[in-house]
Amino acid sequence: MGGSEEKSFRKNIAIVGSTVNEILSLVVDREVDAALVWTDMLTWEAAAGLVEITIPETVNKPKEIWIAELSDSSRPEEAKAFAKFVVSEQGQAIFKMYGFGI
């Protein structure tokens, strides 16, 4: 988003929350009309009845989620197993089920 487009967008921001959880609560409690939150939050029970409005990728660039194993982990085998699970077909299906793009 560039120059005037960003300024136009920002002038419409009424509240900035400290967490997306707080922002979701503002929408649920009808203190605001709309909010920018993570898509996965729409799968939460608290978000029941809310409607997703998709923002074009030219404005909202998708982010990647990375996983890494700590080199000084006290449980390196479990860390490695968890990382393998996350990138497995089953792990990716769980991410997708909870609203994360794959």
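Select isoleucine 53 to begin: this residue is placed in the loop between H2 and H3, where helices (H or I, at least four residues) and strands (E, at least two) are DSSP runs numbered from the N terminus. Isoleucine 53 counts as exposed because its relative accessibility is 71%; exposed denotes over 50% relative accessible area, buried under 20% and partly exposed in between, with a 1.4 Å probe and protein chains only.

The model is predicted: local features need pLDDT of at least 70, side-chain atom pairs count only at pLDDT 80 or more, and totals for chains, interfaces and linings use all residues. Residues are numbered from 1 along each chain as its sequence is written, and side-chain values use heavy atoms, with hydrogens and water left out.

Next, move to aspartate 40, also found in the loop between H2 and H3. Is aspartate 40 buried or exposed? Aspartate 40 counts as buried because its relative accessibility is 13%. Displaying its surroundings shows that aspartate 40 touches Tyr98, Gly99 and Phe100, residues up to four places away in sequence not being counted; contact here means heavy atoms within 4.5 Å.

Then select arginine 30, which lies in the loop between H2 and H3 and follows H2. Its phi is positive, about 60 degrees, although arginine 30 is not a glycine. Most residues other than glycine have a negative phi. With 75% relative accessibility, arginine 30 counts as exposed.

Stepping back into H2, select Ile23, Leu24, Leu26 and Val27, the buried residues of this helix. They lie on the same side of H2 because they cover an arc of only 155 degrees around the axis, the arc being that of the directions from the helix axis to the C-beta atoms.

Now display the largest pocket, whose volume is about 2200 Å³. On a 1 Å grid over the protein atoms alone, a pocket is an open set of points where a 1.4 Å probe fits, with protein on both sides within 12 Å along at least five of seven lines, and lining residues have an atom within 4 Å of a point. Its lining comprises 50 residues, of which Leu36, Val37, Trp38, Thr39 and Asn60 lie nearest the centre. Helices H1 (3-10), H2 (20-28), H3 (76-87) and H4 (89-97) are the elements giving two or more residues to this lining. H2 gives the most, with five residues. By class, the lining divides into 32 nonpolar, nine polar and nine charged residues.

For the next view, select H3 and H4, which pack at an angle of about 65 degrees with their axes 4 Å apart. Phe85, Val86 and Val87 of H3 make the contact with Glu89, Gln90, Gly91, Gln92, Ile94 and Phe95 of H4. This contact has five nonpolar, three polar and one charged residues.

Finish at phenylalanine 9, placed in helix H1. Phenylalanine 9 counts as partly exposed, since its relative accessibility is 34%. Proline 56 and phenylalanine 9 are 47 residues apart in sequence and 14 Å apart in space, C-alpha to C-alpha.

Terms used:
Grid points are joined across faces, edges and corners, and a volume is the space filled by probe spheres set on the points. Ala, Val, Leu, Ile, Met, Phe, Trp, Tyr, Cys and Pro count as nonpolar, Asp, Glu, Lys and Arg as charged, and the others, Gly among them, as polar. Axes are lines fitted to C-alpha atoms, for helices over the stretch in contact, and angles run from 0 to 180 degrees between N-to-C directions.
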